[in-house]
Amino acid sequence: MKSFYAMRRANGDWFAVDDNGHIRMPIFKSSGDAMIARSRDNGMECFRPVAFDVCALEQLRKTDGDSASFLIVANPSRNLKYGLRATFTELAPLMADFAKGIPEH
């Protein structure tokens with residue numbers, strides 16, 4: 001199964017950024033993209049890329065509810081805040097499509 005990637009510490013904390021008062025978790029299309037972003041952001045040095053699939057999203061929902069917010073990062077060389085903003089309810093169907101291998105529009 002395909003998945004997105006997010007940055008996580010060994011203690012289970014997910015990396016997130018402040019985006020004008022909203023806490024958002026960056027999501028990457030590959031672990032390589034996540035590592036590129038990590039090399040550009042000192043705040044990520046204790047984090048490692050891990051698969052962020054439908055199961056991980058569901059676990060996050062159980063912890064934080066449907067209020068979780070995300071940044072889908074297309075270009076890891078840019079500031080993370082340039083990612084596509086997505087709510088939990090917007091990300092869930094995208095992840096299901098990605099897992100099925102449906103091409104992006």
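Buried denotes under 20% relative accessible area, exposed over 50% and partly exposed in between, with a 1.4 Å probe and protein chains only. Strands (E, at least two residues) and helices (H or I, at least four) are DSSP runs numbered from the N terminus. The model is predicted: local features need pLDDT of at least 70, side-chain atom pairs count only at pLDDT 80 or more, and totals for chains, interfaces and linings use all residues. Residues are numbered from 1 along each chain as its sequence is written, and side-chain values use heavy atoms, without hydrogens or water.

**View 1. Strand E5, residues 69–73, is mostly covered.** Of its 5 residues, 5 are buried. Ser69, Leu71 and Val73 point one way from E5, while Phe70 and Ile72 point the other way. In a regular strand, side chains alternate between the two faces of the sheet.

**View 2. E5 pairs with strands E3 and E6.** Pairing requires at least two DSSP bridges between two strands. E3 (residues 22–28) runs parallel to E5, joined by 4 bridges; here Pro26 stands opposite Leu71 of E5. E6 (residues 84–87) pairs with E5 in the antiparallel sense, also over 4 bridges. Leu84 in E6 is the bridge partner of Ile72.

**View 3. Asp19 lies in strand E2, residues 17–19.** Asp19 counts as buried because its relative accessibility is 3%. Its side chain makes a polar contact of 2.8 Å with that of Arg24. A polar contact is a pair of N or O atoms within 3.5 Å; within protein, one must be able to donate a hydrogen and the other to accept it, and residues adjacent in sequence count only if both atoms are side-chain atoms. Beyond its neighbours within four places in sequence, Asp19 is in contact (heavy atoms within 4.5 Å) with Arg24, Leu71, Lys81 and Arg85.
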